[in-house]
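Here are my notes on this one, as promised. Have it open on your screen while you go through the points.

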Amino acid sequence: MENSVTLVSEYEINRFTMAVLPIEEQGKVFSKIMEVEGDIYVDLPPLKIIDDSCNYYGASMEGRKSGTKMVTGVTHKSPLAIDPMSDLYFFPTMSPKKNECTWISLNHVEKTRKTSLSTTIAHFTNKTEMEFQISLRSFETQMHRAALLRTRMLQRAQGFGVPEEHRDYIASPPRTYRIIKKK
């Protein structure tokens, strides 16, 4: 770990979270959280933080994975809607089962560029950049999957693609007008 840092024991992903990175130290996996204002170190592996965050926002990680599969058809390296109401969509850089997997916020990546055949630099909204051990093509595929999930979730929330007979069950804003019949 970087010289001496303070480890916190829990963390929930929020709108300031840009990425959750693994750090292995003496055989144990910790997390480095990249936030807009700085880094936070957590005494938990990234997958545990993702799981805890899904639970914090009212769903299990397995439920979120199942929802991603149903909505997008993606079955491996699935992006997750950690909290769709807060627009928290994250994607993994590799299989989440691997300790080296990093989770990245869809909303905080401004642009990407290729550095070599197997690495990509991501530029984040706070003007920082980070190199990831993933090809540009794979990185962008993961971003597109997360964007597809986000788009389809928004469409469902707004009632697009819902059969006519089920539209009464969708929350909609109150009407601000009345129709009055003329006599």
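1. Start with Ser31 and its surroundings. Setting aside neighbours within four places in sequence, Ser31 is in contact (heavy atoms within 4.5 Å) with Val20, Leu21, Ile40, Tyr41, Val42, Leu44, Pro45, Pro46 and Ile49. Ser31 sits in strand β3; strands (E, at least two residues) and helices (H or I, at least four) are DSSP runs, numbered from the N terminus. Its side chain also reaches the backbone oxygen of Leu44, at 2.6 Å.

2. Before going further, keep in mind that this is a predicted model: local features need pLDDT of at least 70 and side-chain atom pairs count only at pLDDT 80 or more, while totals for chains, interfaces and linings use all residues. Residues are numbered from 1 along each chain as its sequence is written, and side-chain values use heavy atoms, with hydrogens and water left out.

3. Is Ser31 buried or exposed? Ser31 counts as buried because its relative accessibility is 0%, and the cut-offs are under 20% relative accessible area for buried, over 50% for exposed, and partly exposed in between (1.4 Å probe, protein chains only). Lys32, also in strand β3, counts as buried too, at 14%.

4. What does the side chain of Lys32 do? It makes a polar contact with the side chain of Asp39, at 3.5 Å. A polar contact here is a pair of N or O atoms within 3.5 Å; within protein, one must be able to donate a hydrogen and the other to accept it, and residues adjacent in sequence count only if both atoms are side-chain atoms.

5. Now look at the loop between β3 (28-35) and β4 (38-42), where you'll find Glu37. Glu37 is exposed, since its relative accessible area is 77%. Glu37 and Asn126 are 89 residues apart in sequence, yet 7.9 Å apart in space, C-alpha to C-alpha.

6. Then there's an open sheet of three strands, in the order β8-β9-β10, with antiparallel pairing; two strands pair if DSSP finds at least two bridges between them. β8 (109-116) and β10 (129-132) are the edge strands, each pairing on one side only. β8 and β9 (residues 119-124) pair over six bridges, and Val109 stands opposite Phe124 in β9.

7. Finally, helix α3 (residues 136-157) lies across β8, β9 and β10, running at about 160° to β8. Axes are lines fitted to C-alpha atoms, for helices over the stretch in contact, and angles run from 0 to 180 degrees between N-to-C directions.
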